Each structure stands twice: as C-alpha cells, then as structure tokens.
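Subject: Structure handover

Hello,

The structure is below, followed by notes on what was found in it. Please read the notes with the structure open.

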Amino acid sequence: MACHRLLKKDIVTLCKKRGLSIGKFTKAELIVQLEEDDCSKEQIPDPNWGYSRIWEQLEREPGIAKTPVPDQTRVFTIGFPIGGSRRTGLERSLREQEDCGRQREPEKELQKQQQDELAVGERRGLGDLPGLMIMGVGDEDAVIKEKAQILIEDVIRDAKEHLRDLQEKEREAEYIIQNIQWTSCKDFTVERGQQQIEEYMSTWEFHGSWLHWSDYLQEQELTYSKRYHYRVRWSIPTCRKPIPRTTACIYFIIEISKIKPPTLPVEVFFILESNRFIHRPGQCRFREKWLKDIIESKKILMDSITF
C-alpha cells in the first residue's frame, strides 16, 4: 500500500488495525513497519487492479482518508499503481525527499539573492548604467560621481569650442580683407614691384617676432605676358638662435600683360612653399598658421633624417 500520501493519524490507525507497535515512532518509521508487514505477508498486487479494487479495499478499513492525493506527475493515486510494484520511482521515501530538498535549497537561496540584488539596483536607478555591477552604497556613489564629472567636462568643452567657433566666425565676418593700389603695367619696374610687395605684406596680421626679407629671383618671358618672380623668407630668430634653423618661403609673381592696355594695373598672385594653391591679394586673408605649418613640417623632416 502506498502510505506516503496518507496523514500520520491515518497511518497510526492502520498500524493499530494490523497490531503493529506505535510508540513514539515518526511517520517514516511507521511507514517502514507497514511496508515490512506487507512484505512478510507476501502480498503481490494484481496487475489487473484498478481504482475500483483499491477503493473497495480502503472501504474495508475505516478511519483512513479516501481522498485521492496527486503525486508529482499530477496523477491521482490512492493505492498501488496499475501494473506496478509496491514502490516506484515516483514514491520516494522521506529520506530521499529530504535529500532532494537539501540539494535544491542552495540554488533557491542563490536565485532569491540575485533577485533581491536586482530589485535593489532598480530601486536606486542604477539599471540604466551599462556595465555597472551590484556593489556597496559607497562604491555606487563614487561611480555615479565619476560619470557625472565626465559628462560635465564634456559639456563644458563642447560649449567652449562652440563659443570659440562663433567668435571666430564673427571676427571673419567683421574683418575686411586689405589690399593696396597696385602700379600700372607701363610704370612697373623690378624695384617698384618689390616695394609694393613689402607694402602689401604690411597689411597682414602676424606676431611681431616674425622677421622677413625679400629678393628678386628672375624674369619669365611668356607668349602674351611677362612674369617677375620674387621670394620672401619668413623666420623667428631668437637670442639663443639668431640664425633660425628653418624658414618659410612665400613666392610672389607679378605678371605684365602684352595684349591688355598698359594703363591697367599689374596682376599679382602668390603661393606658399610646398603648396600649389594660388592666393590673390584682395581675395584671401593671410593667416600666420600657414608659416608655422611650413616650419613645423621642415623640423619634423630634419629630425627624421640622421646624417
């Protein structure tokens, strides 16, 4: 008989009916006595038993609960399973059930602890921070302060850059590109051209530490014009290095047309060293950074070469 589903008082009544000792035995010990008694009587269950036969047997023994109890497979059993033995894999002993329960307790405690930690993190508003693990209150505050500090620094830096760009645009909008009145083609001379180049460069904006000197290079004869080439060297000499290590050159070209009226002014343009972009006076604004970039690139090249 499957007694594991019965109450203890029903098991005690069944033991009294069979004349077994009750004493202060536990439910498990009483069940063992009943099983030993069944084995001694060699009662082998009929494979053809059904629920009706089991119910009839229980009705002959008053005081035993007749309510079927569902087992782990959710099948209601009140006696031996049909075609089964006295003990099956589903009818575990109390000790086996206790061992199984003790094995599952650590897993249940771990799951409960993880759920509690996640709930605490969500209540503190830390779920949105990526990569943040559950930690102490002090560590959480430190991480939040660090992220807030980084965010504030980024916002301040972006604001400064945006303000600087706006100021630069305002200065460029207000700036008026300077130019001079260049001489006519008929009045042009090499010396006059060099003087006007110096006059034009005086309209540029650059630091007072920059020094320059200009010289005439050559005359170039073309089909419809003549070109006069000039070179202006720029550098920043110091007391420790009066002879600068590198210089930046700007090449001016003054073109005299052969087919245009001689009363028209000469055409002037200039290019920077190591650059092919053509600049024309009155159409572009000179920038000191151009000279600095040329000198810096030469220094890098010289440092990379070993003699």
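A contact here means heavy atoms within 4.5 Å. On that basis, residues 24 or more positions apart account for 50% of the contacts in the protein with a separation of 6 or more.

This is a predicted model, in which local features need pLDDT of at least 70 and side-chain atom pairs count only at pLDDT 80 or more, while totals for chains, interfaces and linings use all residues. Residues are numbered from 1 along each chain as its sequence is written, and side-chain values use heavy atoms, with hydrogens and water left out.

Overall layout

The protein has seven helices and six strands; helices (H or I, at least four residues) and strands (E, at least two) are DSSP runs, numbered from the N terminus. Along the sequence they follow the pattern α-α-α-β-β-α-α-α-β-β-β-β-α. Of the 307 residues, 27% are buried, where buried means under 20% relative accessible area, exposed over 50% and partly exposed in between (1.4 Å probe, protein chains only).

Two strands pair if DSSP finds at least two bridges between them. Strand E3 (residues 211-221) runs antiparallel to E4, with 10 bridges joining them, and a hairpin of three residues connects E3 to E4. Aspartate 215 has arginine 231 of E4 as its bridge partner, and tryptophan 213 has arginine 233. Arginine 233 also stands opposite cysteine 249 in E5; E4 and E5 pair in the antiparallel sense over 10 bridges. Because eight of the 11 residues of E4 are buried, E4 is largely enclosed by the rest of the structure.

Nonpolar cores

A nonpolar core is a set of buried Ala, Val, Leu, Ile, Met, Phe, Trp, Tyr and Cys residues joined through side-chain atoms within 4.5 Å. The largest has 27 residues, and those touching the most other members are Trp204, Trp234, Ile250, Phe252, Ile254 and Val266. At least two residues each come from helix H6 (190-201), strand E4 (225-235), strand E5 (248-257), strand E6 (267-272) and helix H7 (288-304). E5 gives the largest share, five residues. Leaving out residues up to four places away in sequence, tryptophan 234 touches a list that includes Met201, Trp204, Phe206, Ile250, Leu291 and Ile295.

A second, separate core has eight residues, among them Leu6, Ile11, Val12 and Leu14. In helix H1 (residues 8-18), Asp10, Ile11, Val12, Leu14 and Cys15 are buried. Just after H1, glycine 19 has a positive phi of about 75°.

Cavity

A cavity is a set of points, on a 1 Å grid over the protein atoms alone, where a 1.4 Å probe fits but cannot get out, and its lining residues have an atom within 4 Å of a point. There is one cavity of 30 Å³ or more. The largest cavity holds about 70 Å³, a volume being the space filled by probe spheres set on the points. Its lining includes Tyr175, Gln178, Trp204, Glu205, Arg285 and Phe286.

Lysine 186

Lysine 186 is in the loop between helix H5 (137-174) and H6. Is lysine 186 buried or exposed? Lysine 186 is exposed, with a relative accessible area of 55%. Apart from neighbours within four places in sequence, lysine 186 contacts Pro262 and Thr263.

Regards

Methods. 1 Å grid on protein atoms, 1.4 Å probe; cavity = no way out; pocket = protein on both sides within 12 Å on 5 of 7 lines; lining within 4 Å.
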